[in-house]
Amino acid sequence: MTVGQIESLASWQRRAIALAALAAVVLALLLLVWPATAMVLGHEAWREDAAETLARHRALADSSASIKSELATAEAHAVWGSLFPGTDTAAAANALQSEFRSLCDALKVPVQGSAPLDPEVGERLIGVGIRLDLQVTIDQLQSLLERVQSNPHRLALDNVTITAPRYQSAEQNPTLQVQVEVRGFIRKPEARTGAAS
Amino acid sequence: MPLNMTGLNDALRRARASARPWLRWWRGELQLAWNDSLDRLLPSLRTFTELQPVEGGFDIVQRRGREVIATHRVAQGEALPQGVAGSRAVLSLPEQEVLVRRLRLPAAIESRLRESLALRIDRDMPLRPDLVCFDFAVLARDARTATLDVDLAIARRARIEEWEQSLRAMGVRPIAIGTRLGASGASQVNFLHRRAGSADIGRSRSRFDRPLVAAAALMAAAAVALLGGQFRAERRAMAEAMAAVRAAAESAQADRQRLLEYVETARELRANLDRAPVSATLADLSGRIAPHSWIQMFQLRGDEVRLSGIGPNAPALVAQLQQSPLFGQVTLTSSVSAGIGTGEDNFEVTIRMREAAP
């Protein structure tokens with residue numbers, strides 16, 4: 001279409017063509033400006049994000065030596081020796097039972113009965129336990145508690161019921177009926193990757 | 001393959017030549033659309049007064065765009081009619097004050113037409129360029145012969161300045177002083193636009209604009225290239241820096257995670273061991289039981305202790321237990337006389353342990 005042909009069109013048609021051409025030019029400019037703006041803004045966001053990630057990585061890398069040293073200290077800490085070895089709850093329950101019986105035997109405390117408890121599963125540890133019925137004097141009980149506290153495998157006592165005879169005197173050392181739940185701890189299998197043995 | 005620069009140049013020239021009429025038409029059409037919009041939306045911006053000097057006064061035509069609003073004739077010295085005073089004014093000079101020459105010029109000089117005409121006035125006419133004002137109108141373009149028909153209008157600078165002053169004295173604002181050219185008088189020249197004569201020489205818009213446009217385009221291209229280059233360099237540098245620290249950071253992160261696992265495991269063990277502090281509770285309790293009071297049952301479950309026993313003064317025992325740093329709330333849940341004349345009570349006490357400090 002030539003200019004002559006356009007000029008022979010009706011006035012409104014010429015006006016429409018001119019305005020459409022203007023809109024096309026504006027649109028073309030926008031199509032250039034928009035992606036360019038998006039590119040610049042996108043790069044700014046990327047830069048901010050990348051700088052933050054880099055700073056975090058550098059800080060981690062810089063503190064690598066101290067983290068390693070703290071990790072070595074943590075791995076070697078005596079507290080891990082206070083857990084029963086392995087992750088098998090049955091084996092740990094047996095070990096706990098024989099260990100506690102040894103304590104009682106050493107104090108000549110008769111164990112009247114014992115029953116295993118259901119394992120108590122925590123986030124990183126499993127508590128394996130037994131319920132015991134004992135007959136002890138107050139002195140024996142005190143010694144037993146002391147030995148439990150100083151036992152190499154840490155033991156937790158809970159649900160303790162101590163029953164004394166109805167009539168007592170200051171001169172007597174009565175026999176007490178004690179029922180107690182004793183728990184030892186092992187690591188959960190999936191937690192071993194973190195707290196390596 | 002070598003670039004055919006001459007062919008490329010010719011193609012560009014042809015493209016420019018074919019685009020020029022389109023662009024001219026488009027600009028004119030948009031100008032008309034703009035003027036029509038102004039006429040409708042802001043008519044005051046399109047209102048002006050045309051003054052034509054006549055014998056002893058002026059013929060005055062008030063226009064809004066092309067529409068004639070009113071006509072007047074005022075004598076010299078007479079006050080201007082209302083609506084004319086203060087308006088924007090276009091003065092058509094008397095014919096005898098304007099020298100008009102029709103010229104046929106090569107189309108190639110159109111982009112430097114003003115400069116060419118200034119040179120022509122200086123060279124061909126007995127006029128000092130600094131004493132005249134000139135303007136022109138392109139009347140026709142012949143693509144076949146590649147020529148332009150141009151009307152060149154020249155007026156004395158001193159006379160233009162006199163007219164401008166007298167128009168201001170009359171109370172109007174001169175926006176154009178010139179004349180109409182062409183067969184139908186469609187082209188208006190304005191000597192106020194460019195009063196310089198010789199000053200125009202060497203300062204044409206085209207000579208100025210081209211280097212400016214070229215420089216702007218070059219700078220824009222350079223800016224884009226610079227920005228793109230900078231973005232790429234930044235990404236590369238960041239990737240290198242990241243690669244340099246990534247292995248160490250990942251290893252440190254894994255170690256940190258393991259360390260946290262150790263800490264959390266130790267914390268969980270501590271919480272389990274502290275859950276029921278049997279030894280400490282029994283030791284504290286035995287020190288607080290008053291003489292002649294006997295505990296018959298001690299029960300510890302979690303953070304709750306229940307005691308039952310016999311003694312002479314249960315409330316005193318409760319008061320004593322409340323002094324313990326291990327015990328929080330101590331409640332006497334029951335107290336019943338052990339028998340008439342015994343002076344002793346069977347009591348039950350419930351104790352809530354204090355929360356251990358973390």
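Two residues are in contact here if their C-beta atoms, placed from the backbone, lie within 7 Å. This is a predicted model, in which local features need pLDDT of at least 70 and side-chain atom pairs count only at pLDDT 80 or more, while totals for chains, interfaces and linings use all residues. Residues are numbered from 1 along each chain as its sequence is written, and chains are lettered from A and ligands numbered from 1 in the order in which they are written.

**View 1. Where chain B meets chain A.** Chain A brings 48 residues to the contact and chain B brings 45. On the chain B side, H1 (5-41), H4 (205-273), H5 (278-288) and strand S10 (294-301) each give at least two residues; helices (H or I, at least four residues) and strands (E, at least two) are DSSP runs, numbered from the N terminus. H4(B) has the largest share, with 26 residues. By type, the chain B side splits into 26 nonpolar, 8 polar and 11 charged residues.

**View 2. A strand pairing across the two chains.** S10(B) pairs with strand S4 (residues 156-163) of chain A, antiparallel, over 4 bridges; strands pair if DSSP finds at least two bridges between them. Look for Leu300(B), the bridge partner of Val160(A).

**View 3. The three-stranded sheet of chain B.** This open sheet runs in the order S5-S7-S6, with antiparallel pairing. From one strand to the next, the twist averages 25 degrees. S6(B) and S7 (residues 147-156) of chain B are joined by 10 bridges, and Ala137(B) sits opposite Asp151(B) there. Helix H2 (residues 113-124) of chain B lies across S6 and S7, at about 120 degrees to S6(B). Helix H3 (residues 157-170) of chain B also packs on the sheet and touches S6 and S7, its direction making about 70 degrees with that of S7(B). Axes are lines fitted to C-alpha atoms, for helices over the stretch in contact, and angles run from 0 to 180 degrees between N-to-C directions.

**View 4. A strand pair in the open.** S12 (residues 327-337) of chain B has 11 residues and 0 of them are buried, so the strand lies largely in the open. A residue is buried if 20 or more other C-beta atoms lie within 10 Å of its own, exposed if 12 or fewer, and partly exposed in between. S12(B) pairs antiparallel with S13 (residues 345-353) of chain B over 8 bridges, and Val330(B) faces Ile351(B) across the pair.

**View 5. Two nonpolar cores.** The largest core has 42 residues, and Leu96(A), Val160(A) and Phe185(A) are among those with the most contacts inside it. A nonpolar core is a set of buried Ala, Val, Leu, Ile, Met, Phe, Trp, Tyr and Cys residues joined through C-beta atoms within 7 Å. Strand S3 (residues 125-137) of chain A gives the largest share of this core, 7 residues. Leaving aside residues up to four places away in sequence, Leu96(A) touches Phe84(A), Val128(A), Ile130(A), Val182(A) and Gly184(A). A second, separate core of 29 residues includes Ile121(B), Leu152(B), Ile177(B) and Val189(B).

**View 6. Asp88(A) in its loop.** Asp88(A) is in the loop between H3 (64-75) and H4 (89-106) of chain A. It has 15 C-beta neighbours inside 10 Å and so counts as partly exposed.

Key: Nonpolar A, V, L, I, M, F, W, Y, C, P; charged D, E, K, R; others polar.
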